[in-house]
Amino acid sequence: MSSPLIAIHLPDGSIREVPAGTTSFDIANAISPRLAAASVAARITPIATVLDQDSARDGQSPDGQSEAAMYSGEDSHAPRLVDLSASLTADAKLELITEKDPDALKVLRHSAAHVLATAVLELYPETKLGHGPATESGFFYDFYREKPFTPEDLAAIEKKMAEVVARDEPFTREFAPRDKALDAFERDGDFMKTHFVTKFTEPGSEVSFYRNGGFVDFCRGPHVPSTGRVRALKVMSISGAYWLGNEKNPQLQRIYGTAFFSKKDLDSYLERLEDAKRRDHRRLGKELELFTVSDEVGAGLPLWLPKGATVRRLLEEYILDLERRNGYEHVYTPDLAKVDLYVRSGHWAHYHDSMFPPMDLENERMVLRPMNCPHHILIYESKLRSYRDLPVRLAELGTMYRYELSGALSGLSRVRCMTLNDAHIFCTPDQIKEEFSGVMKLVERAYRDLGITKYSYRLSLRDPANKEKYVDNDAMWELGERVLREAMDGLGLKYKEGKGEAAFYGPKLDIQLADVMGHEETYSTIQLDFHLPNQFGLEYTGADGNRHRPVMIHRAIISTMERMVSYLIELYAGAFPLWLAPVQVGLVPISEKHAAYADKVEEALKAAGLRVETDSRNEKMNAKIRDFANQKTPYILVFGDKEEASGTVSVRTRGKGDQGSMPLDAFLAKAKELVDSKSTGL
Ligand SMILES: [Zn+2]
Ligand SMILES: [Zn+2]
């Protein structure tokens, strides 16, 4: 009996009629053997509602847990990745995935996790297997073994993995009845596999396995065609974790690794990783005496040391000044308020989990604020406003408290107490565009002054097909989204649009900053809010004498002081531009004889507003220079008899070394100029 024909739609628009059962590899090969060899996996989008045989056999349960993606099936209409060797059984769109496709790396890395498990079982057969997904930067596999893996073991494992790769074993898919699979796992004491099969497959179904050589793992794939495709891999680290996160359960050993299609990619990743370590703000924060975290104060509550506090204060002064020049009025409001205020604002209902618990006092309940908006709204409300008063721009370096899980806390970048460069603009609907443009100009200006160049804008809009998710005010949404676009286009700023990513109360613009590893995170958002003004019944008197509702814009230009300082530490690897450096000039008198000249130089620099530190210890000149250099001090001025006699200083510039001597006045003028222009160079 011949197979029925199915229609396979290719990306170039062509359609191939092939017998059901044909594989993606067959099709690739028919197009060109080179394409077949270059392909890693296939992306299939079913066209008809015909059930795919494989997923019918899998019998997956629709469980939505974190491991689910590895084991259970997706929506049968959604595109999904499959092995090149998988049989095509119904009409579908087919895309061959080559190494350049971002999804290819995930398939490779998950395959590398199988290679890791293969190596571990060959070396330590008593080990029990957990699971081994791909991660953003590589993969891991969880193992249970009484003896901890030593660094020597990890080296042996990496070596064995290279052997498994060299053996170039094909990954093949097999199926077994669920009962039989469970019996076998239970018999072998494979408690984790028993758990996963029970959880992620339906009774009576067949479950999917992948084999390479003698190694077989419960898995639904997909995989690269063979172990030989894992051309560049590295075992990175190991950590302990309790099975299912419960400390009463056995402790697992999680081995992390990474894999790439080429040695070149691996090397460049390892280089960037080294660079990221070198720039890590937690390490530099300690070395450069910027901040510390004390157990007695608590996690996520950093203490700013004098040098870190100087950087922060400079940043604060910078932004306050910029705001003052741009029509903002600064206010001070307390860090806490009655719970009722947040009930009224809606934060209590929606944001409760991220707040610290309330303090029950004699006859009131107070809570640390998670946001500054309600306080600013009350200031707006404190008097009658007319259209002539608008826009009202209220700004504050507002301190807020958020209960982040302890596991998420990190240095200055994830904290529980943070000070936001916050402001709320209350304006008429007609003023949205101009106000928004004004904010964007400030953002561009501040980023330029701070030397931040790697950022992008994302305009988050509502999904009109999903209206119940958003504040019901079509006219406002249409106006808001339109003027935000017009403002961005008018300023010539590039942005991506994200449909369905708006807050429930209005469209917003996110500012995404990229770190050394290329990861993007949202640092600031500018948000239109059609909700809070309603919630608080805000009003202004219009030119018509009637009462109208203002629109509110939440905005932060330079994020929280904590996050921005952590970003700047990493951006500059601790070597701050002159205007932000906690100590701008280090003075090194060659001997104690030159103390008086040191005083004179110090006084002159301080009078010019520069931050100076003199090393008057009875130490060798070179030791003093080294210490300032280790602190990444921009300028080190050295002087002895010769300099004193001629009124000069010998200048060492960070990153450039000895620049010879120059008159003190000339140095002063140069330094002042660099500070005033906020130059990032020296
Ligand atoms: Zn797998
Ligand atoms: Zn706000």
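# Reading a predicted fold, feature by feature

Student: In which helix is His114 found?

Tutor: His114 is found in helix H5, residues 102-123. Helices here are DSSP runs of H or I with at least four residues, and strands are runs of E with at least two, both numbered from the N terminus. This is a predicted model in which local features need pLDDT of at least 70 and side-chain atom pairs count only at pLDDT 80 or more, while totals for chains, interfaces and linings use all residues. Residues are numbered from 1 along each chain as its sequence is written, chains are lettered from A and ligands numbered from 1 in the order in which they are written, and side-chain values use heavy atoms, with hydrogens and water left out.

Student: Is His114 buried or exposed?

Tutor: His114 counts as buried because its relative accessibility is 0%. Buried means under 20% relative accessible area, exposed over 50%, and partly exposed in between (1.4 Å probe, protein chains only). Leaving out residues up to four places away in sequence, His114 touches Phe171, Tyr210, Asn212, Phe215, Asp217, Cys219 and His223; contact means heavy atoms within 4.5 Å.

Student: What does the whole chain look like in numbers?

Tutor: The protein chain has 22 helices and 32 strands. Its C-alpha trace spans about 100 × 75 × 60 Å along the principal axes. Of its 682 residues, 49% are buried. Among contacts between residues at least 6 apart in sequence, 72% join residues at least 24 apart.

Student: How do I read one helix, say H19, and which of its residues are buried?

Tutor: Check the length, then the sides. The buried residues of H19 are Tyr597, Ala598, Val601, Glu602 and Leu605. These cover an arc of only 135° around the axis, so they sit on the same side of H19. The arc is taken from the directions from the helix axis to the C-beta atoms.

Student: What is on the other face of H19, and what covers the buried residues?

Tutor: The face turned away from the buried side carries the exposed residues Ala596, Asp599, Lys600, Glu603 and Ala607. The cover over the buried residues includes strand S28 (585-589), strand S30 (635-639) and helix H22 (664-676). Gly609, which follows H19, has a positive phi near 90°.

Student: Which peptide bonds are cis?

Tutor: One joins Gly221 and Pro222, with omega about 0°; Pro222 is in the loop between strand S10 (215-218) and strand S11 (232-242). Another runs from Leu390 to Pro391, with omega near -5°; Pro391 is in the loop between helix H14 (373-381) and strand S19 (392-401).

Student: How many salt bridges does a search of the whole structure find?

Tutor: Side chains of opposite charge can pair when their charged atoms come close. The search finds 52 salt bridges, each a side-chain nitrogen of Lys or Arg within 4 Å of a carboxyl oxygen of Asp or Glu. In one of them, Lys263 pairs with Asp267, the closest N and O atoms being 3.0 Å apart. Because Lys263 and Asp267 are four residues apart in helix H9 (residues 263-279), about one helical turn separates them. Lys263 is exposed at 55% relative accessible area, while Asp267 is partly exposed at 32%.

Student: Which residue pairs with Asp474, and where do the two lie?

Tutor: Asp474 forms a salt bridge with Arg462, with the closest N and O atoms 3.0 Å apart. This pair links distant parts of the chain, twelve residues apart: Asp474 is in helix H16 (residues 474-491) and Arg462 in the loop between strand S21 (455-461) and H16. Asp474 is partly exposed at 29%, but Arg462 is buried at 7%. Elsewhere, salt bridges that share partners join Arg43, Glu95, Asp101, Asp103 and Lys106 into one network.
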